[in-house]
Structure formats: structure tokens, C-alpha cells
Amino acid sequence: MKHIAFRFLSRMNMLLASLIAALGIGGCKQQKTVAPNNTTDDTNARPVVKAAEDDAPVCMYGVPNARFEVSGRVEDTNHKPLQTRVGIGTMKGEIQYIVETQADGTFRTEFSGFPVHIVYFTVMLPEGEYTFAKQLTYGEPVSTWDRGTASADTVLVVPARRKSEPEIKVKYGVPATRYTE
């Protein structure tokens, strides 16, 4: 009985696989050529896909992409450059890249990712972190999925450092004492 069931399932799988293969090959004959094979885009030497006017739009899949060129300068309110680390991210509260500033406070980096309209900077100083947002400007798009190069050039002005307040220590049963440095 097991042998008969195994032979039946085996033959049924072969029949279904043959049917699927035949339908797949037959379906390709009805597909229209969207663009001739010799048509290329001069910028990237890739085939250009153009839909005929009477046809449905060409289906595309994938993830949109953009290239980011981010540069700037970190300084305090007195226009003195700060040498520190700057976290860069495309989502608020998330640091994706960390760059070190030069002695003159400048930084520059390039990366690619999902297209966004705002990039976030987090200046990391010993007394705390300061977050800034900057609107991006996009160049010419390369294709439908490649938004082109987004650039942001900014000056990040960190607020003046506060003098640290004397620490107040409280012990139970003892009056509060202010310790000075």
C-alpha cells in the first residue's frame, strides 16, 4: 500500500511540475518587447526600459536608493571650531555613521541609503549631546529607483558651555551642604 501511494505521489508531482513548466514557457511568448536590446542610457550604459503608450506601465521591484554627501563645520557661539565626533543619521534619534572633525571643526562623509528629506546630526561633547536637523537638496535623478545625490552643507553651532553647578549632596538626618570646587 505504501509503495502504491509513493508511486502515485511521485507521478502527480512530475505531472504538476511539467504543467507549471509548460505554462511558464508558454506565458513568455505573449510578453511584448518593451525596448530593443541595443538601446542604452549613455550615463550608465544600461538598457533603457520604455513602455509603449498602449501598454500597462512596466512593473519594477527593488528598494529606492540615494547617495548622500554630507559636510559641515562644528563651532561654538564664539565661532571657535570644535574638534569632536559627529553622529549622522537619516532618522531622528538614530546614529548610523560617526565622523571625527578636523582641527578646524570641519567634517565630510559620503554614504548611500534609502532616500530621505532630512538628515540628523548629533554633536557628541563631554558635557552632552546636541542634535541638529538639516534639509537635503537632491541633484538630478539617475533612474526611477535612484534619486540621485543628496547634499547637505551645514554649520553646527553648539550652545555656550554652562558652568557646572555646585553639587548638592543630601544625607538623611543632616542638613544639605553645598560643596564648591
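How exposed is Arg 67, and what is its relative accessibility?

Guide: Happy to take you there, and please keep in mind that this is a predicted model. Arg 67 counts as partly exposed, because its relative accessibility is 37% and that class lies between the buried limit of under 20% and the exposed limit of over 50%.

Now look at what Arg 67 touches. Its side chain meets that of Glu 69 in a salt bridge, with 3.0 Å from N to O. Glu 69 is partly exposed too, at 22% relative accessibility.

Arg 108 counts as exposed, with a relative accessibility of 53%, while Glu 110 is partly exposed at 41%.

The structure holds 4 salt bridges, and one of them joins Glu 75 to Arg 73 at 2.8 Å, N to O. Here the two partners fall into separate classes: Glu 75 is buried, with a relative accessible area of 8%, whereas Arg 73 is partly exposed at 26%.

One more arginine is worth a glance. Arg 147 lies over the face of Tyr 138, at 4.4 Å from the ring centre.

As for rings paired with rings, the structure holds 3 aromatic pairs, and ring pairs link Phe 68, Tyr 97 and Phe 111 into a cluster.

Terms used:
Residues numbered from 1 in each chain as written. Predicted model: local features only at pLDDT ≥ 70, side-chain atom pairs only at ≥ 80, totals over all residues. Heavy atoms only, no water. Phe/Tyr/Trp six-rings, centres within 6.5 Å; stacked < 30°, edge-to-face > 60°. Lys NZ or Arg CZ within 6 Å of the ring centre and 35° of its normal. Buried < 20%, exposed > 50% of the residue type's maximum accessible area, 1.4 Å probe, protein only.
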